[in-house]
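Subject: Structure handover

Hello,

Here is the structure for your records.

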Amino acid sequence: MQRSKGRPRGGGVGQESWVEPLDGHDPVPAEEAGQLRYDDPWYDALASGWGESAGDGAQGPAVVPSARTEGGSGPAAADVYLEVQRSAAFQDVRRRYRRFVVPAFAVFFAWYVGYVVAATTVPDLMARPVVGAVNVAMAAGLGQFLSTFLLTWAYARHARLRRDRAALELRWDTQELTRGMNGGTP
């Protein structure tokens with residue numbers, strides 16, 4: 001249960017609602033909190049124009065709008081993100097990601113499908129007892145849970161050892177480049 005911190009409770013007429021930020025600053029009225037601007041250029045271009053028809057049933061060209069800039073001159077923030085995306089460091093992070101995820105997915109998916117297929121096609125094998133009341137199907141089912149946890153651990157370890165530092169450096173570089181575009185304001 002949340003404490004009221006001295007403010008009146010309820011949503012009656014004439015009472016303001018407040019939004020409490022987690023960073024320790026004073027709360028702001030909810031109306032002002034809704035007016036905050038989100039300046040991520042990828043937010044503007046997520047799916048703009050994708051899957052929208054030109055009106056005659058044909059797919060129109062996918063147009064990605066340019067990001068908002070403060071003064072209207074100089075490179076847009078989207079240009080910075082595209083430059084980072086084309087960089088060798090970013091491509092290296094993506095390559096390391098794919099070199100782990102694609103084989104891990106293939107092995108895990110084959111193991112899962114193999115379990116399902118074996119359970120439906122060879123029930124005699126799956127019913128064979130292993131230890132006491134535990135049969136092959138139960139052992140393989142528990143193996144599914146175990147392999148899920150092992151895959152999660154392996155993915156987190158791989159990310160920590162092979163990708164996180166490079167990705168963090170890319171993030172800092174990108175923030176520095178975009179900060180410089182806005183005249184030094186974060």
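Predicted model: local features only at pLDDT ≥ 70, side-chain atom pairs only at ≥ 80, totals over all residues.

Residues are numbered from 1 along each chain as its sequence is written, and side-chain values use heavy atoms, with hydrogens and water left out.

Confidence: the average pLDDT (the predictor's confidence in each residue, from 0 to 100) is 74 for the chain, and 56% of the residues score at least 70. Residues 44–53 stay under 50 in pLDDT and have 15 contacts (heavy atoms within 4.5 Å) beyond four places in sequence in the model. Residues 59–69 are also below 50, with 24 contacts beyond near neighbours in sequence.

Aromatic pairs: there are two. Rings of Phe, Tyr and Trp (its six-membered ring) pair if their centres lie within 6.5 Å; planes under 30 degrees apart count as stacked, over 60 as edge-to-face and the rest as tilted.

Phe-100 and Tyr-155 make a tilted pair, 6.0 Å centre to centre with 50° between the planes. Phe-100 lies in helix 4 (residues 88–121) and Tyr-155 in helix 6 (residues 136–181), 55 residues apart; helices are DSSP runs of H or I, at least four residues, numbered from the N terminus. Phe-100 is buried at 17% relative accessibility, while Tyr-155, at 34%, is partly exposed. Buried means under 20% relative accessible area, exposed over 50%, partly exposed in between (1.4 Å probe, protein chains only).

Phe-105 and Phe-109 are stacked, at 5.5 Å and 15°. These two are separated by about one helical turn because they sit four residues apart in helix 4. Phe-105 is exposed at 55% and Phe-109 partly exposed at 44%.

Regards
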